[in-house]
Amino acid sequence: MINSSYVSYFTLAAYFDTGLFKYLYFLLILSLYVFIVCANLLLIVVICMNRSLHEPMYLFLCSLFVNELFGSTGLFPFLLVQILSDIHTVSAPFCFLQIFCLYTYGSVEFTNLAVISYDRYLAICYPLQYHMHMTSNKVVVLIAVTWSLPFFAVFVTTLLSASLQLCGNIITKVYCDNYSIIKLACYDTRVNNVYELVAAYLIFCVPVTVIVYTYIKILKVCFSGSKQTRQKAVSTCTPHLASLLNFFFGSFFEILQSRFDMSSVPNMLRILLSLYFVTCQPIFNPVMYGLNMSKIRIMCQSLLSSSVLGGCFNFFYRSGTGTVSGSNIS
């Protein structure tokens, strides 16, 4: 029986030899990561730089995009190193750090989506009283709660897992997972299980309840309201609903794979689906919101076009200056 503080590393057993294909996988993962960083950074910059987008909904979206960067950074660089490595091990401190990052990402994502649901509920069901209910102070409080509560809950979860006495160090996944470490414990993990149930209720069940309640109210207003109300609901809720369904699917399979025996499922499919909620959501959100929300789309187009035109102008200006200088010298 070895205390986890003396387990210097964990072995990730889900990796297998892919030969020269590992370079192809490396380039694919790197391309996805670069796209995620660029797309989410673009939307964050657009929202922060344009005062017309300093409204509650866009500030909540900015928080969502920051979380996509946080979660993908907790996974993608690690995957890139592991793909090129011949020995798939990870140090214990880094493993617990990754658990903290990924679980915080998932928790913040759920909470943030619930906050956006509440914001849409106020905007559609109480349009005249919207700014009275959704004040700037309330926006700050909601964003602070969105991040602070998951940080604290996951921090305690990570501490409890790090204090376990372990009887092994093999994790059957491509990244560190809290439940996999709990299964390695040598003794009863009742405290961890009870705490995780309470944390899951606060971080997942409460946001899901808020989401379901707000959308029931929104649907009632849509069916009884005018055509303009329905159009507003569809235009603002469609990307949010798509994001919710996408994340629910990824999270559901991840929970299913952690809790049940999935040995009958092909290994490659298990790996892809276990990575789905961290890889597809950071790609899906900026694309959905960037394309479907007209204000963001127009601002992105103007920013990109001005950047391209500005770059071309500077290039030709410098070229012209160099030519003039050369002719003067001659």
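Figure 1. Leu303 is partly exposed, with a relative accessible area of 23%. The model shown here and in the other views is a predicted one. Leu303 belongs to helix α11, which covers residues 294-329. Leaving aside residues up to four places away in sequence, Leu303 touches Leu42, Val45 and Val46. Val45 lies 258 residues from Leu303 along the chain, yet the C-alpha atoms of Leu303 and Val45 are separated by 9.6 Å.

**Figure 2. The open sheet of 3 strands.** The strand order is β3-β2-β5, and the pairing is mixed. Strands β3 (89-91) and β5 (170-171) each have a single partner strand and stand at the edges, so one side of each is left without a neighbour in the sheet. Strands of a sheet pair through backbone hydrogen bonds, in either a parallel or an antiparallel arrangement. Strand β2, made of residues 9-12, runs antiparallel to β3 and is joined to β3 by 3 bridges. Within this pairing, Phe10 has Val90 of β3 as its bridge partner. Helix α4 (residues 92-125) lies across β2, β3 and β5, and runs at about 90° to β3.

**Figure 3. Packing of helices α4 and α8.** Two packed helices are described by the angle between their axes and the distance between the axes. For α4 and helix α8 (residues 190-224), the angle is about 25° and the axes are 9 Å apart. Angles under 35 degrees count as roughly parallel, and α4 and α8 are therefore roughly parallel to each other. The crossing of α4 past α8 is left-handed. Residues of α4 that make the contact include Gly106, Phe110, Ala114, Tyr118, Tyr121 and Cys125. On α8, the contact residues include Ile203, Pro207, Ile211, Thr214, Ile218 and Val221.

**Figure 4. The salt bridge between Lys22 and Asp86.** A search of the whole structure finds 3 salt bridges. Side chains of opposite charge can pair when their charged atoms come close. In the pair shown here, the closest N and O atoms of Lys22 and Asp86 are 3.6 Å apart. The pair links distant parts of the chain, 64 residues apart. Lys22 sits in helix α1 (residues 21-49), and Asp86 in the loop between α3 (76-84) and β3. Lys22 is buried, with a relative accessible area of 16%, whereas Asp86 is exposed at 68%.

Figure 5. The side chains of Asp119 and Arg120 meet at 2.8 Å, N to O. Both Asp119 and Arg120 are buried. Arg120 is also among the α4 residues in contact with α8. In the salt bridge of Lys173 with Asp177, the closest N and O atoms are 4.0 Å apart. Lys173 has a relative accessible area of 7% and is buried. Asp177 counts as buried too, at 3% relative accessibility.

**Figure 6. Buried residues of helix α3 and their cover.** The buried residues of α3 are Phe76, Phe78, Leu79, Leu80, Gln82 and Ile83. Among the elements that cover these residues are the strands β2 and β3. Helices also contribute to the cover, including α1, α2 (56-73), α4 and α10 (267-292).

Methods. Residues are numbered from 1 along each chain as its sequence is written. This is a predicted model: local features need pLDDT of at least 70, side-chain atom pairs count only at pLDDT 80 or more; totals for chains, interfaces and linings use all residues. Side-chain values use heavy atoms; hydrogens and water are left out. Two strands pair if DSSP finds at least two bridges between them. Helices (H or I, at least four residues) and strands (E, at least two) are DSSP runs, numbered from the N terminus. Contact means heavy atoms within 4.5 Å. Axes are lines fitted to C-alpha atoms, for helices over the stretch in contact, and angles run from 0 to 180 degrees between N-to-C directions. Buried means under 20% relative accessible area, exposed over 50%, partly exposed in between (1.4 Å probe, protein chains only). Angles under 35 degrees count as roughly parallel, over 145 as roughly antiparallel, 65 to 115 as roughly perpendicular and the rest as oblique. A crossing is left-handed if the near helix is turned anticlockwise from the far one by less than a right angle, and right-handed if clockwise.
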